[in-house]
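Take a look at the protein shown here. This report goes through a few of its parts, then the whole.

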Amino acid sequence: MIMRPWGESLLSLPKRWLSTQVYGTDDEEFQNVQLPKLPVPDLQATMDSYLEFASVIVSHQQLEKTRILVKEFMEELGPRLQATLLERQKEMDNWITEWWLDDMYLKVRLPLPINSNPGMVFPRRHFAKMEEVADLGALFIDDVLDYKEMLDRGELPLERATSREKGQPLCMEQFYRLLGVCRIPEVGKDVLELPRPVGDQDEVEELVILACRNNFYPIPVKAVDRGRLTAGEIQAQILHAMVEAAGSAAAPKVGLLTSMGRDDWARAREQLIRCKARRLCVTEENNRLNLELISRALCVLCVDEAGGDRADADAATNAMLRAMHGAGTAYHSANRWFDKTVQLIISSDGTVGMCYEHSAAEGVAVVRLAERALARAEVAERPSPPPALLPAPAPMRWTLTPDLCREVERAATELDRRIADLDFTVYTYEGYGREFMKSCRTSPDVYIQLALQYTYFKMYGHLVSTYESASLRRFRGGRVDNIRAAHSAARAWAAAMCAHQPQPQHQHQDPNRKVSFNLYGEQRKVELFEEAARKQTAVMEANILGRGIDNHLLGLREAAREALGHLPPLFADPTYGQMIQFKLSTSQVATTTEGTFMGYGAVVPDGYGCSYNPKKESVIFCIASFCSSAVTSTEAFRLALEEALDTMKLMFQNRQPEN
């Protein structure tokens, strides 16, 4: 395992990872196709869009101040910084990825659970005995090995765009950054530790980590001298570890250190590496070796016992909470290593899921890996018992000083506090799904984004900066930009939808007076919706084709920081601060498997996180906020969202028929 900063790691990837493979008609021969580079958007267009979006979320007085700053920026500094970006675009595979990764993940000092790592829930299983838990774990790991070998051979099937320039090849790079990847904490900025690229003739040793009762068991699954373990051999290793963990003394909860703020965990990790065993006068190597094994392991398989469900939450919500953070330190939270890109979770009560560290890849790559493993496990036969048992796996032994023990206790207290503060629910809207949305001549994503704007406007009477990830996989090394849904067209439609509604309860009103008047006819509401949908579609298309404004603004800001040593007035302006404070953080995470969905926390203290998974006749929402906020409520948001979706259906049903 070689640790590198992100930029160096990206450049070291094989060229076939940065391009794509187009298979011939015989599916045997292929040619490498170099994807286009991400363009640098037009500067004036970005500034115009910036002011347009800002006009919806800041006051008129503040907007006028920002217009002056934009005008000054465009006189000299802006064009100079734009030239810097254009030169950077010529020299680099992707001019924004390194800056974007730092800003979005690696320089963020917040703890990973809740704030960054999404959880993913799979269909519930029914286990009659513990051997069946080990069976499923073995089948998962066996498929992970198949997947990794396919990646090593460079045979990952190419994906192509299905809309907006259909058939365009998509960058597959993220799929190669799921297995054997780990985020390493460092003070100020983390680094991603990537596996060494595999050459055609390389012999590869692979291992996974099994987490059980807070113990971590390294399990070699592929060795140079004996090849790859069978599914039956992997099952026997998992079962050995489960039995050993059940009969051993309580393990130190070292995994909780990975839930700390990143600077605190970085310092604690250094203490672990330098920790000396009391019985020896030399540096104890166990801790360092343990950390290295976890870092280079393909993934972590977390085997949990039952327990940890909240009495006030349904089964889907409880499953997601276990996936996101482990349900608390009294239950499963210490049975995690939150730095690891892929953590598969299997509980003895049938709860199955995943927690993944987000910096290495977007959800689409994780969903593909998970759904493939699930599908194979469904049809696979039970692993055959091995002809001979291998040596039983041994748990990692840690050397902890009193200071480190106190850090573990502090990590536990802080994580439990954050878990208690999370206001989270999984909500399945069953009024209709994507088929009805399509019948309204609107894409489900656009429809739901506008529903979320309507929901927020219903609750607060205004819109806020909204984040929705926009894939940039049409470009070399592309990650995401931001599809902004809070625009004037959305506000006009939301205001029209709310015009007939009663005054908020806190306003003085005659309780006997009916206020259900409607200032807008249903047909006019539909027209305003269609205008908002056209605008939202245009914003989406601009983003996926590389013309979004958020990455461009980030690039201009970082170029200015490097050139000037400080931020220019445009980026110190309160308007810019509001533009990047995403009080509504959203994303569509579509899955093909019923009962599979993904969720995450809000990204600001007084905001909401809302993922959505549109199904044929329903939509699964994962809604998050924080109890400590006096202005947010997940249940109030859920109710308002339900009302919004119901009202939207009535709007379309009551519109005037077309001639």
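## A helix and its span

How many residues does helix α8 have, and how far does it reach from its first C-alpha to its last? Helix α8 covers residues 231-247, which gives it 17 residues. In this predicted model, α8 reaches 25 Å from end to end, counted between its first and last C-alpha. That is close to the 24 Å expected at 1.5 Å a residue.

Among the buried residues are Ala-231, Gly-232, Glu-233, Ile-234 and Met-242.

Now turn to another pair. Helix α4 (residues 60-75) packs with helix α5 (residues 77-91). Their axes lie 3 Å apart, at an angle of about 60°. That angle makes α4 oblique to α5.

Which residues meet? From α4 come Phe-73, Met-74 and Glu-75. From α5 come Leu-77, Gly-78, Pro-79 and Leu-81. Five residues of this contact are nonpolar, one is polar and one is charged.

## The whole protein

The protein has 21 helices and 19 strands. Of its 659 residues, 58% count as buried. It exposes about 27600 Å², and carbon and sulfur atoms supply 52% of that area.

Consider contacts between residues at least 6 apart in sequence. Of these, 75% join residues at least 24 apart.

Terms used. Residues are numbered from 1 along each chain as its sequence is written. This is a predicted model: local features need pLDDT of at least 70, side-chain atom pairs count only at pLDDT 80 or more; totals for chains, interfaces and linings use all residues. Side-chain values use heavy atoms; hydrogens and water are left out. Axes are lines fitted to C-alpha atoms, for helices over the stretch in contact, and angles run from 0 to 180 degrees between N-to-C directions. Helices (H or I, at least four residues) and strands (E, at least two) are DSSP runs, numbered from the N terminus. Angles under 35 degrees count as roughly parallel, over 145 as roughly antiparallel, 65 to 115 as roughly perpendicular and the rest as oblique. Contact means heavy atoms within 4.5 Å. Ala, Val, Leu, Ile, Met, Phe, Trp, Tyr, Cys and Pro count as nonpolar, Asp, Glu, Lys and Arg as charged, and the others, Gly among them, as polar. The expected span of a helix is 1.5 Å times one less than its number of residues. Buried means under 20% relative accessible area, exposed over 50%, partly exposed in between (1.4 Å probe, protein chains only). Accessible areas come from the Shrake-Rupley method with a 1.4 Å probe; for residues, only the protein chains shown count as cover.
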